[in-house]
Amino acid sequence: DNDPMDIDGHGTHVEGIVAANGGVVGVAPDASILAIRVLDNEGNGNNIQTIEGIEYAVDPDGNPNTDDGADVINLSLGGPGDADDLVSSAVDAATSSGVVVVVAAGNGGEYLEIGELSPSSARSALTVGSVEPDGTISDFSSRGPLLNSSYGKPELAAPGGNIYSLAIGESYTTESGTSMAAPHVAGAAALLIQARPSLTAEQVKFVLMSSTQSDSNDSFQGGFGLLDVESALSQSIAVEQGPLYFGRVNASDYQSKSIGFTLSNTSNSQKTVRIDLPNAFPAGITLSLDKSEVTLPANQGASINVTLSVNDASALGTSPHAIGGYFGDVMLTSDTGEQVALPLSFINANEFKFVNESATSVTATLDGEFGETYFWKEIEPGDSKNLFLPTGKYYSQVSYRDLSKSDLPHLSALPSTTAS
């Protein structure tokens, strides 16, 4: 219908983070809000409604010759899907039309999870993880990497834990979630567009990524780092690529992989940029560049290739990371002292796969030797779940529920597990 009134308070809380200007003040208090509701009173909806909402935000009157659409779309929602599904495709189309699309990473808290969600896995989306007030990544914040891709998500992180904002009925409340992190970035995008109107939608994304406060830690959790609005307003060099992800290097057929990225100069003066690889990386791995320095004319870019070669996977040892991750930064330093830390990662892990070959849903768990839980989720009949784990001892268990007598003949086909 034509009434976008919020019922459960989620949209009101998110809107307040972007643009409240009263008892609380949002990131961009002078921004105009285009309210589009795609979920029902319980916060549920479907892909068609979400796509229609995105398309409406891009062009409310259906006339591409009028400038009535949003400059920034915030999507604090999501569901099962991937980077090639219809909702992600709608996000990519919106970005191509000149709109910055900011998306909450998700609240499952698992590694590899973003790749199974939409629209947070959309290639052009600016996907946002959550941090707590002390700056640590929120336990609930969904993580990357995206399998079978060369880019990582999320691209950055923002405050999402214990956020005080608007509530229905002229009141206030505290909420937590990546739904609260995303509007911080949406507000930052609005400020950046206002301050630097010549930037394209894609450049806004790249500048926000490249100007973060990098901590050189787990980029599967926080991407480039923590949102830094002040730095974004003056950032001139930007990486046109999400975090570099080189995949699972101990796979039997892995030898080397090259990933290219573009470094752009968004200023009106020439920049010379030095490129430095991580100086501490595991034995058995070699990193190389096709360029160690580039000169970027005003408002132009240059392509750079990074190659990771595996000389001896057995020399890597065991990573203490939950899925065997290794992390570093490619440092890009301009002749004016500006820096960008481009995250680089790979995993050295064993692949573990749950396959539910039974006729009923099961709850599968995987625990480590010291009681840590790596996986706990329901798996439907015929579905599977891939995990990546460092070398160690693990215990798996599956449980059935709501069984009837007629189900008993099927129980001989128990869920299977394989490891490699």
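Q: Which residue stands opposite V294 in β14?
A: V273 does. Keep in mind that this is a predicted model.

Q: How do you know that strands β12 and β14 are paired?
A: Pairing needs at least two bridges between the strands. Strand β12 (residues 271-276) and β14 are joined by 4 bridges, so they pair, and they run antiparallel.

Q: Which residues of strand β14 are on its covered face, and which on the uncovered one?
A: V294 and L296 are on the covered face, while E293 and T295 are on the uncovered one. Here is the general idea: side chains in a regular strand alternate between the two faces of the sheet.

Q: Why is the contact of E116 with K385 called a salt bridge?
A: The cut-off is 4 Å between a side-chain nitrogen of Lys or Arg and a carboxyl oxygen of Asp or Glu. The closest N and O atoms of E116 and K385 are 3.2 Å apart, so the pair qualifies.

Q: What makes this pair tie together parts that are 269 residues apart in sequence?
A: E116 lies in the loop between β3 and β4, whereas K385 lies in strand β21.

Q: Why is K385 called buried, and why is E116 called partly exposed?
A: Buried means under 20% relative accessible area, and partly exposed lies between that and 50%. K385 has 6%, so it counts as buried; E116 has 38%, so it counts as partly exposed.

Q: How many salt bridges does the structure hold?
A: There are 9, including one of E155 with K153, whose closest N and O atoms are 2.6 Å apart.

Methods. Residues are numbered from 1 along each chain as its sequence is written. This is a predicted model: local features need pLDDT of at least 70, side-chain atom pairs count only at pLDDT 80 or more; totals for chains, interfaces and linings use all residues. Side-chain values use heavy atoms; hydrogens and water are left out. Buried means under 20% relative accessible area, exposed over 50%, partly exposed in between (1.4 Å probe, protein chains only). Helices (H or I, at least four residues) and strands (E, at least two) are DSSP runs, numbered from the N terminus.
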